[in-house]
Amino acid sequence: MSELDAHVYLSPTKPIPSAVPGWDGPATWPATTATLITSERDSLLVDALMTTSESRALGEWCDGLGRRPSTVYVTHGHADHFFGATPLRARWPGLDLVALPAAVPVAALQVGPALLPFWRSVFPDQLSDEPGLPRALAEDEVLLDGRARAVDVGHGDVDNSSVVHVPELDLVVAGDVVYNGIHPWLAGSTPASRAAWLEALDRVEELGASRIVAGHKDAAAPDDDAHRCLDATREYIAAFDAAAATSDSPTDLFGRLLATHPGLGNPYTLWVAVHDQPGR
Ligand SMILES: [Zn+2]
């Protein structure tokens, strides 16, 4: 059997208009990964970024590796992990786009009337005209000849999230269940959703991989060490949960998290989260 390999593309931080008043400085979308897992005969791309220009850069990067993936697997239904697949499908006709069945309705929301206008306002003239949806993987369908496994872990930064486990590489590609050096997306989160996310982290840990590629990774992150990334994501969610229970305002919550987590990338993510806490 041929050797597997994993190649990680990191698309840099993108400027966006600030949607939440009071933000001081440029608002940004965090750096995002797409991971190409290669065997001798085939390649699987896990997640596919968002804008047409970063999708083009991703396609050129794959070409530079001499690889044309047959399939894009989407870890969860958030726009920033699959809108970029549509330009890739134009580049490589026949490219399959798949997700676990439960993630497809989440993705459908992103391209529907409730959210697509929002995404176009965040990334004006930067998105596909018609972002395509992943199709639902059938029960008996496998990825990369069964050597990569999609694992439903429940709620990450959105419902119905999954990760890709590649035992031969001792690797998990974690989508937005695990973050690496970047403020996790907790906008709209509740004590219950944060507890569910902590359970999802336990499920990822049970896979036992030593390397985790996070969906959002800071360019300065030291490594992909599984324990460090799992522990840091867990600690952040717990810290946010504790501070949210006792803070008296969004700016108070922001200040507390920033003080205890000063080195994390994309603090605008935290600014949005503290202003979007249901029931407060
Ligand atoms: Zn994301």
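Me: Is T35 buried or exposed?
Reply: The cut-offs come first: buried means under 20% relative accessible area, exposed over 50%, and partly exposed in between, using a 1.4 Å probe and protein chains only. The relative accessibility of T35 is 0%, so T35 counts as buried.

Me: What kind of model is this?
Reply: Residues are numbered from 1 along each chain as its sequence is written, and side-chain values use heavy atoms, with hydrogens and water left out. Local features need pLDDT of at least 70, side-chain atom pairs count only at pLDDT 80 or more, totals for chains, interfaces and linings use all residues, and the model itself is predicted.

Me: Which strand holds T35, and which residues does T35 contact?
Reply: Helices (H or I, at least four residues) and strands (E, at least two) are DSSP runs numbered from the N terminus, and T35 sits in strand β4, residues 32–38. Contact means heavy atoms within 4.5 Å. Setting aside neighbours within four places in sequence, the partners of T35 are H7, V8, L44, L45, V46, V173 and V213.

Me: Which residues coordinate the zinc ion?
Reply: Donors are N, O and S atoms within 2.8 Å of the metal (3.2 Å for Na, K and Ca), and water is not among the atoms, so sites may look incomplete. Here the donor distances run from 2.1 to 2.2 Å, and the atoms belong to D80 (OD), H81 (NE2), D176 (OD) and H216 (NE2).

Me: How is the arrangement around the zinc ion classed?
Reply: Four donors count as tetrahedral if all angles lie between 85 and 135 degrees; four count as square planar and six as octahedral if opposite donors are over 155 degrees apart and all others between 65 and 115; anything else is irregular. The four donor atoms here subtend angles of 87 to 171°, which makes the arrangement irregular.

Me: Which residues touch the most other members of the largest nonpolar core?
Reply: A nonpolar core is a set of buried Ala, Val, Leu, Ile, Met, Phe, Trp, Tyr and Cys residues joined through side-chain atoms within 4.5 Å. The largest one has 69 residues, and those touching the most other members are V163, V177, V178, V204 and F240.

Me: Which helix gives the most to this core, and how many residues does the other core have?
Reply: With eight residues, the element that gives the most to the core is α6. Apart from it lies another core, which includes I37, L143, A148 and V173 and has 17 residues.

Me: Which residues of α7 are buried?
Reply: Helix α7 covers residues 250–260, and L253, F254 and L257 are its buried residues. They fall within an arc of 100° seen down the axis, so they line one face of the helix; the arc is that of the directions from the helix axis to the C-beta atoms. Their cover includes α6 (226–246) and α8 (267–274), and the buried residues themselves are L253, F254 and L257.

Me: Is R194 buried or exposed, and which residues does R194 touch?
Reply: R194 lies in helix α5 and is buried, with a relative accessible area of 4%. Not counting residues up to four places away in sequence, R194 touches L186, S189, I237, F240, D241, A244 and Q277.

Me: How far apart in space are S189 and L207?
Reply: S189 lies in the loop between β12 and α5 (191–206) and is buried, with a relative accessible area of 6%. S189 and L207 are 18 residues apart in sequence, and their C-alpha to C-alpha separation is 26 Å.

Me: Is D125 buried or exposed?
Reply: Most residues other than glycine have a negative phi. D47 has a positive phi of about 70° and counts as buried at 2% relative accessibility. D125 has a positive phi near 60°, and at 83% relative accessibility D125 counts as exposed.

Me: How many disulfides does the whole structure hold?
Reply: A disulfide is a pair of cysteine sulfur atoms within 2.5 Å. A search of the whole structure gives a disulfide count of zero.
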